[in-house]
Each structure stands twice: as structure tokens, then as C-alpha cells.
Amino acid sequence: MSEQAGSDRAEADSAETETTETATTETDSTETAAAETATTETDTSGEPVGGIVAAPSTTSDLLTYAPALESAAIVDIAPTYDLWIDGRWVAPSSGERFPTMNPATGETLSQVALASPQDVAAAVAAARAASEDWAARSGADRAKYMYRLARLVQDRARELAVLESLDGGKPIRESRDIDVPLVAAHLFHHAGWADKLDYAFPGRRWHPLGVVGQVIPWNFPLLMAAWKLGPALACGNTVVLKPAESTPLTALLLAQLVDEAGFPPGVVNVLTGAGETGAALVSHPDLDKVAFTGSTEVGRQIMRTLAPRATPMTLELGGKAANVVFEDAALDQAVEGVVNGIWFNQGHVCCAGSRLLVQESIVEPFVAKLQRRMATLRVGDPLDKNTDVGAINSEEQLGRIRELVQSGLDEGAELYEAPCPLPDRGWFLRPMMFTDVTPAMRIAREEIFGPVLSVLTFRTEDEAVAKANDTAYGLSAGVWTEKGSRILWMAERLRSGVVWANTFNQFDPTAPFGGFGDSGFGREGGIQGLRHYVRMEAA
Ligand code: NDP
């Protein structure tokens with residue numbers, strides 16, 4: 001990682017630490033009140049009604065905070081956007097546009113171009129035309145543009161963060177302190193590799209693949225763009241990028257920054273559109289590789305499309321991660337890890353720790369601690385710096401989450417909802433936790449992709465491993481214990497691409513990220529991630 005990226009990360013780390021410290025203090029000062037409220041509610045209600053445990057009244061009884069709103073004035077959202085093809089803004093050939101909304105208000109932010117198959121063909125042709133020149137440049141030359149882009153991301157960090165929160169609904173604290181600093185870090189990291197690829201692949205002769213089609217999701221729109229662009233460009237490939245329908249704005253601002261950084265025309269093309277645009281892109285016959293992040297279902301469709309042509313692909317799909325807490329863990333620290341694991345980004349996280357496995361001996365006190373902590377979480381305006389949990393990304397996603405929550409109730413699990421008030425408009429959900437969950441329930445098996453935690457128990461290490469691995473997915477896992485030997489023992493047996501020990505949701509451009517099974521294949525980040533963007537021959 002470059003020095004600049006390192007200092008960014010340090011800043012982000014210190015911001016995270018500050019946040020954690022604040023949160024801990026708040027928990028301490030309110031724990032008693034929350035516990036009292038919770039106890040009263042449980043006593044008066046007795047058995048949970050309809051599977052839902054009555055929550056303590058409201059967070060506003062526990063904490064009062066004046067809003068600390070980040071101003072939206074820094075962003076300049078155009079009423080309409082075109083497509084970024086061959087270094088120019090091009091109107092969609094069909095003339096069609098679609099609205100992109102602010103999920104916190106339901107208001108339309110802008111009308112964005114809907115790319116047709118003809119636009120896809122134009123973008124792929126532009127990327128093909130630019131490919132030979134870009135590949136022939138020295139690594140240092142390619143790095144020059146990438147460093148410029150990374151610095152522009154830093155210069156415009158606040159604007160990017162606000163835009164990301166407006167268009168996607170994530171809390172400004174996260175887009176400001178996590179997403180955007182990581183975007184810069186990924187671009188710096190991969191810029192650093194551009195002239196050192198001979199060292200990444202010693203004894204091998206490597207070649208760029210050519211033109212890469214990249215389709216990204218709505219949960220980390222700008223970060224996924226950086227994860228995809230960084231290794232592709234460093235390795236000498238040209239790119240056609242398709243952001244998600246509900247979150248196109250930061251990718252379009254990134255295209256403006258690509259322009260400002262002076263990239264040659266056609267090296268980066270950005271096509272907005274819906275699923276059909278993504279399908280048209282991945283099925284274009286002139287692609288040399290496809291990189292996709294999104295649902296397992298669409299990942300399977302892409303595999304079927306590409307199989308006859310044997311086009312190389314990497315798929316980063318869903319997850320149902322186990323976060324395993326042993327009785328010897330530092331429990332307060334583990335509570336924070338669970339909170340970060342499932343309520344970070346409203347639970348719209350492929351590697352979210354959505355299955356909490358707690359050792360049976362501590363399940364009651366641990367769940368009680370979690371409930372107390374949940375009572376301090378604030379759901380609200382994504383631009384409010386006090387907000388812990390922002391808006392659900394779309395009305396459609398809200399419906400999917402509600403349907404799965406209902407299945408949990410129908411199958412007999414017990415639901416605890418954080419007692420916080422919800423804004424009176426926009427798409428929001430309270431943080432939720434299901435107990436009495438059995439491994440066969442849908443809420444224990446399917447990716448909910450929302451702020452919903454399912455709690456299961458285990459007695460022994462073997463049982464913890466068996467339950468953690470009892471999933472078709474295999475993206476990430478967490479282990480909480482004071483024993484280093486147990487961490488290593490578990491990490492060897494957990495079938496997941498990433499295992500975090502006494503932490504969760506830590507990302508770094510030097511570390512490969514990716515999954516097994518229904519979580520897809522291929523790695524992003526580190527040398528392993530570069531490997532997917534080159535063709536090798538023996539030196
Ligand atoms: P999708 O997989 O449909 O979307 C991901 C990206 O693929 C978007 O850019 C989407 O475009 C595009 N796309 C959609 N259909 C196709 C296609 N046939 N060919 C190529 N690209 C396509 O996810 P959803 O947004 O529908 O979310 C559904 C579920 O997927 C969520 O509930 C969650 O469980 C999971 N998911 C997982 C993610 C992860 O990181 N693992 C990320 C997002 C979702 P568009 O948005 O325009 O439709």
C-alpha cells in the first residue's frame with residue numbers, strides 16, 4: 001500500500017476507533033435504563049405475543065441527540081445523466097432514462113440513461129479500440145493515471161461520501177470513514193502494482209486479458225467500482241462498468257474523475273441501466289473477461305451465458321456468514337463485533353455476520369447484552385452523523401427482507417426488534433434479532449441482506465464448525481475467543497474465503513477477498529486478485 005493510502009487507512013482507523021469509543025460510552029451510560037425498560041416490558045408482557053418480544057419503549061427515552069446533519073449542498077446532482085463511452089458523455093440510443101431515488105425520502109434525485117444493447121456494443125467497441133494502446137503502455141504510465149484518480153477521490157472525498165449516502169441510504173459515518181477511504185486505498189494499492197507486475201508473477205510472462213465487462217451491486221457502489229477497476233486497469237485491461245440500477249450516481253461521478261485524471265478515451269466506460277443492461281453486457285461476444293458482484297441467482301445466469309464461450313469470469317456472490325462466539329471471548333468486544341457484523345450498512349453486506357453462533361453456556365447473558373446494545377442503535381437520516389443504521393436501499397429490497405422476517409415468525413423463531421423510532425418517510429427497518437432459530441429455518445439458510453440477525457447455539461468446537469459450515473455459501477466467518485490455538489483450529493476448518501478473529505468486516509486492499517460454493521469464485525484484492533486480470537505463459 002502506498003504511503004498516502006496508508007495514512008488514509010490510519011485516518012479511517014482512527015475515525016472507526018473514535019466511533020467505537022463513543023458507542024461504548026453511550027452503551028455504558030444507558031445500559032441500566034435500557035435494561036430496566038427491557039425487563040419491565042418482558043415482565044408485563046410475559047410470553048412473547050405472536051413471536052415478537054415487546055421492545056423497550058423508544059431510544060429517544062434513553063438518549064437524546066440533536067441532529068448533526070452533513071450538508072448535501074456539496075453535491076451537484078444533474079437533472080439527467082448520459083452514458084460515459086469512449087471518453088465522452090453520450091445520450092442513450094433509445095432516449096430512455098430511469099429515476100434514481102433517495103431511499104431515505106423516496107424522492108427522485110436524477111434521471112439516468114438506460115443503456116440499450118446498442119450502447120453496450122458501442123462501449124465494448126470503444127474499450128476494444130483503446131485496449132492495444134493501454135496494454136502497450138508502461139506500467140508506470142498506467143500508474144500515473146491511476147494515482148491521479150486516487151488523489152482526485154481523496155480531494156472529492158466529502159462529495160463522494162455525501163452522494164453515496166444520498167443515493168444508497170448508507171450512514172454518512174460509513175461512507176465518509178469506510179467506503180471512500182477504502183476506494184482511495186484500493187486505487188492507490190493497484191496503481192502501485194501497475195509497474196511491479198513482473199514481481200507479482202515471478203518467472204512468468206503475463207499479458208492483459210483485453211476488454212473486461214464488470215457488473216456491480218448497490219450495497220457498496222463506489223467501493224465495488226474501485227475493487228473492479230483497480231486490478232483491471234493496473235494489469236493493462238480496458239473496462240466497461242455497469243453500476244446497479246438503484247445506485248448509479250457515484251459511478252457517474254467517478255467517470256467525471258476518470259475524465260479529469262486524463263485517462264485515454266475508451267479505457268474506462270460506464271453504462272447505467274437495469275438488469276437487462278447487465279445481461280446485454282455480459283453476453284457481448286467481444287469480452288475477454290467478466291467480473292460480477294451480486295446475487296447467486298444472477299451469478300448462475302452469467303455462468304450459463306459464458307460457459308459456451310469459456311470466457312474467464314470471477315463471481316463474488318452472496319453469503320450467510322457464521323459469527324462464532326465462544327464462552328471465553330471478551331464478551332463486550334464480541335457484542336461490538338456482532339453489531340458491526342450485521343448492522344453495518346443496514347446488513348446489505350455479502351459477508352455480513354448474519355448467523356450468530358453462541359456457545360450455549362453464555363447464550364442468555366450474551367443475548368441480553370446484545371439487546372441492551374441494540375436499544376442504543378439509532379436508525380434515521382443517512383446524512384445525520386449520529387445515525388447508526390440508514391435507509392434500506394430500495395422498496396423492493398424492503399419487501400424481500402420483510403418476507404424473510406415473516407417466514408422466521410411463521411416458522412416459530414422469536415423476534416426482538418430494537419426499540420428505536422423510525423423516520424416517517426423513506427424505507428427503513430429497525431435492527432432485528434431472531435432467537436430460537438433452528439438450522440433448517442429460512443432465516444438461518446437464506447441471505448436476508450438486511451438488518452436481521454439469526455441466533456443459534458452450539459456446545460463444542462466440532463458442533464460450532466459443523467453448524468457454521470452448514471450452508472451453501474462460504475464467503476466469510478468470525479471467531480471470538482481468547483485462545484489463539486482455537487482460532488487457528490477453527491480457521492482451518494471453517495469453509496469460507498475470509499475468517500476474521502476477534503474482529504469482523506475488516507477490509508484491506510492487500511488481502512484477497514472471495515468465496516466458495518454459492519458465494520462464487522475468484523479473489524479481489526492482493527496478488528491473488530491481480531491474477532484474474534492477466535493471461536500467463538511460461539517465461
Ligand atoms: P442482482 O444480482 O440482481 O444485482 C447485481 C448487479 O447485477 C446489478 O448491477 C444488476 O443490475 C445486475 N444484473 C441484474 N440482472 C442481471 C443479469 N441477468 N445479467 C447481468 N447483470 C445483471 O442483485 P439484486 O440487486 O436484485 O439483489 C437481490 C439479492 O441479491 C439481494 O437481496 C441480496 O441477497 C443479493 N445481493 C448480493 C450482493 C452481494 O454483494 N453478494 C449484492 C447485491 C445483492 P440492476 O441493479 O440494474 O438490476
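**Threonine 314 and the rest**

Me: What does the side chain of threonine 314 make a polar contact with?
Reply: The side chain of lysine 289, at 2.8 Å. A polar contact is a pair of N or O atoms within 3.5 Å; within protein, one must be able to donate a hydrogen and the other to accept it, and residues adjacent in sequence count only if both atoms are side-chain atoms.

Me: What sort of model is this, and how are residues numbered?
Reply: The model is predicted, so local features need pLDDT of at least 70 and side-chain atom pairs count only at pLDDT 80 or more, while totals for chains, interfaces and linings use all residues. Numbering runs from 1 along each chain as its sequence is written, and side-chain values use heavy atoms, with hydrogens and water left out.

Me: Back to threonine 314. Which element is it in?
Reply: Threonine 314 is in strand S12, residues 313-316. Helices (H or I, at least four residues) and strands (E, at least two) are DSSP runs, numbered from the N terminus.

Me: Why is threonine 314 classed as buried?
Reply: Because its relative accessible area is 8%. Buried means under 20%, exposed over 50%, and partly exposed in between, with a 1.4 Å probe and protein chains only.

Me: On to the ligand. How many residues surround it?
Reply: 27 residues, and the closest are Ile216, Trp218, Lys242, Ser295 and Leu317. A residue is near a molecule if one of its heavy atoms lies within 4 Å of it.

Me: Which polar atoms are by the ligand's oxygen atoms?
Reply: A polar backbone atom of glycine 275 is 3.3 Å from an oxygen atom of the ligand. An N or O atom in the side chain of glutamine 397 is 3.1 Å from a ligand oxygen, and a polar side-chain atom of arginine 400 lies 3.4 Å from one.

Me: How much of the ligand's accessible area does the protein cover?
Reply: 87% of the 850 Å² that the ligand has on its own. Accessible areas come from the Shrake-Rupley method with a 1.4 Å probe; for residues, only the protein chains shown count as cover.

Me: Which elements give two or more residues to the shell?
Reply: Helix H10 (275-282), strand S11 (289-293), helix H11 (296-306) and helix H14 (395-410). H10 gives the most, with three residues.

Me: What is the shell made of by class?
Reply: 13 nonpolar, 10 polar and four charged residues. Ala, Val, Leu, Ile, Met, Phe, Trp, Tyr, Cys and Pro count as nonpolar, Asp, Glu, Lys and Arg as charged, and the others, Gly among them, as polar.

Me: New topic, backbone angles. What is phi of aspartate 86?
Reply: Near 55°, a positive value in a residue other than glycine. Aspartate 86 lies in the loop between strand S3 (83-85) and strand S4 (88-90).

Me: And what is phi of glutamine 346?
Reply: Near 60°, a positive value, and again the residue is not glycine. Glutamine 346 lies in the loop between helix H12 (331-343) and strand S14 (355-359).

Me: Is aspartate 86 buried or partly exposed?
Reply: Aspartate 86 counts as partly exposed, because its relative accessibility is 32%.

Me: Glutamine 346, buried or exposed?
Reply: Buried, at 0% relative accessibility.

Me: Where is alanine 194?
Reply: In helix H6, residues 172-194. Alanine 194 is buried, with a relative accessible area of 3%. Alanine 194 and alanine 140 are 54 residues apart in sequence and 6.5 Å apart in space, C-alpha to C-alpha.

Me: Where is threonine 247?
Reply: In the loop between strand S9 (238-242) and helix H9 (249-260). Threonine 247 is buried, at 1% relative accessible area. Its C-alpha is separated by 9.1 Å from that of leucine 222, 25 residues apart along the chain.

Me: Last one, where does glycine 210 lie?
Reply: In the loop between strand S7 (204-208) and strand S8 (211-215). Glycine 210 has a relative accessible area of 6%, so it is buried. From glycine 210 to aspartate 286 is 76 residues in sequence and 9.5 Å in space, C-alpha to C-alpha.
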